[in-house]
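Colleague: I've got the structure open and could use a hand reading it. Could you walk me through the ligands, the helix packing and the domains?

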Amino acid sequence: MTTETVRIGIAGINGRVGRLLREEVAAGGGSLAGGTARDAQAASGAASGAASGQFATLGELAPRCDVVIDFTHAATVRAHAAILAEAGVAWVLGTTGLSDEDLDAVQAAARRIPVVHAANYSPGVTLVTRLARQMAAALPSAAYDAEILEMHHRQKVDAPSGTALAIGQAVADGRGIDFASHVEDARTGHTGPRRADAIGFAVLRGGQIVGEHTLTFTSAAEQITLAHRSFDRRIYATGAVRAALWLRGRTPGLYDMEDVLGLRAP
Ligand SMILES: NC(=O)C1=CN([C@@H]2O[C@H](COP(=O)(O)OP(=O)(O)OC[C@H]3O[C@@H](n4cnc5c(N)ncnc54)[C@H](OP(=O)(O)O)[C@@H]3O)[C@@H](O)[C@H]2O)C=CC1
Ligand SMILES: O=C(O)C1=N[C@H](C(=O)O)C[C@H](O)C1
């Protein structure tokens with residue numbers, strides 16, 4: 001199969017990322033099979049969808065695709081997992097704010113179809129996450145407090161960001177501890193002193209900030225900072241299209257951007 005023959009569908013084609021994906025599919029060498037848009041409801045149906053390229057449901061779009069790139073809302077994830085697994089269509093999932101049940105559904109789908117799931121498709125954040133894991137493994141948690149600060153645009157609906165949580169997970173992995181039981185994400189009032197081993201989160205929202213993440217390891221004597229700033233959300237679209245093309249010919253399984261970028265040891 002050549003790159004040109006990969007038929008890519010976009011779930012959420014009119015969203016902030018979806019609109020950029022529309023441009024990047026063609027630029028990356030795939031062919032655009034269409035997209036989902038809730039306001040395609042009135043014109044729903046295979047014939048009108050085929051004419052406009054916009055379908056009200058993923059069920060209508062999926063049979064036309066080899067892979068679907070999905071940047072929508074957590075509310076869609078379980079349904080999308082079932083539809084794509086049933087249709088045998090590969091999935092590039094970028095949606096954040098997922099619950100444990102949503103993640104279970106993603107894992108179940110990945111037993112039937114190849115899935116790339118990443119909270120952030122930029123190469124820079126992929127590297128930051130990898131470095132976070134390595135730093136956490138090297139810095140004793142009794143001495144170095146790990147804190148993650150993120151800032152995003154005022155329209156963002158989930159917090160902490162998926163990227164902040166992924167960086168936190170990487171810190172936990174590096175330390176060899178369970179992530180969920182070490183999260184401190186809501187400090188207000190009489191909190192008591194910071195818990196040793198905690199992984200702390202702080203969230204800022206404002207204006208049109210595309211995405212900023214800072215991980216600090218702070219000891220009594222020094223501070224190490226790892227920071228990433230996105231200037232242009234197109235970086236997510238180009239990364240997701242790269243992941244979609246990388247999925248060609250893959251066996252079912254759950255992959256991430258470290259796989260796509262070839263950062264994992266063979
Ligand atoms: N992994 C990554 O690299 C990145 C992930 N994201 C994540 O991607 C997601 C989308 O971000 P963004 O494009 O900024 O968001 P937008 O709100 O701009 O777009 C979301 C799209 O999803 C659709 N949508 C929203 N809710 C539903 C629903 N309940 N059912 C069906 N469709 C729905 C909307 O459809 P309609 O237009 O029809 O209303 C819209 O097109 C978020 O979870 C965000 O955190 C964002 C950037 C990078
Ligand atoms: O909603 C966004 O905008 C972003 N969401 C992702 C996240 O939650 O980490 C990725 C990026 O930070 C932009």
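Modeller: Helix H1 (residues 16-28) gives the most to the shell around ligand 1, with three residues. Helices here are DSSP runs of H or I with at least four residues, strands are E runs of at least two, and both are numbered from the N terminus. Keep in mind that this is a predicted model: local features need pLDDT of at least 70 and side-chain atom pairs count only at pLDDT 80 or more, while totals for chains, interfaces and linings use all residues. Residues are numbered from 1 along each chain as its sequence is written, and chains are lettered from A and ligands numbered from 1 in the order in which they are written.

Colleague: How many residues surround ligand 1, and which are the closest?

Modeller: A residue counts as near a molecule or strand if its C-beta atom, placed from the backbone, lies within 6 Å of it. For ligand 1 that gives 26 residues, the closest being Gly12, Gly15, Arg38, His73 and Gly94. By class, this shell has eight nonpolar, 13 polar and five charged residues. Nonpolar covers Ala, Val, Leu, Ile, Met, Phe, Trp, Tyr, Cys and Pro; charged covers Asp, Glu, Lys and Arg; the others, Gly among them, are polar.

Colleague: Which residues are around ligand 2?

Modeller: Thr96, Ala119, Asn120, His152, Lys156, Ser161, Gly162, Thr163 and Gly211. They divide into one nonpolar, seven polar and one charged.

Colleague: Now the helices. How do I read a packed pair?

Modeller: Two packed helices are described by the angle between their axes and the distance between the axes. Axes are lines fitted to C-alpha atoms, for helices over the stretch in contact, with angles from 0 to 180 degrees between N-to-C directions. Take helix H4 (residues 77-87) and helix H5 (residues 100-110): their axes are 9 Å apart, at an angle of about 10°. The contact of H4 with H5 has eight nonpolar, no polar and three charged residues.

Colleague: At what angle do H6 and H7 cross?

Modeller: Roughly 30°, with the axes of helix H6 (residues 123-138) and helix H7 (residues 162-175) coming within 7 Å. That makes H6 roughly parallel to H7.

Colleague: And how is the protein divided into domains?

Modeller: Into domain 1 (3-117 + 233-260) and domain 2 (123-230), with bounds from an automatic or database domain assignment. Their C-alpha centres lie 28 Å apart.

Notes: Parallel < 35°, antiparallel > 145°, perpendicular 65-115°, else oblique.
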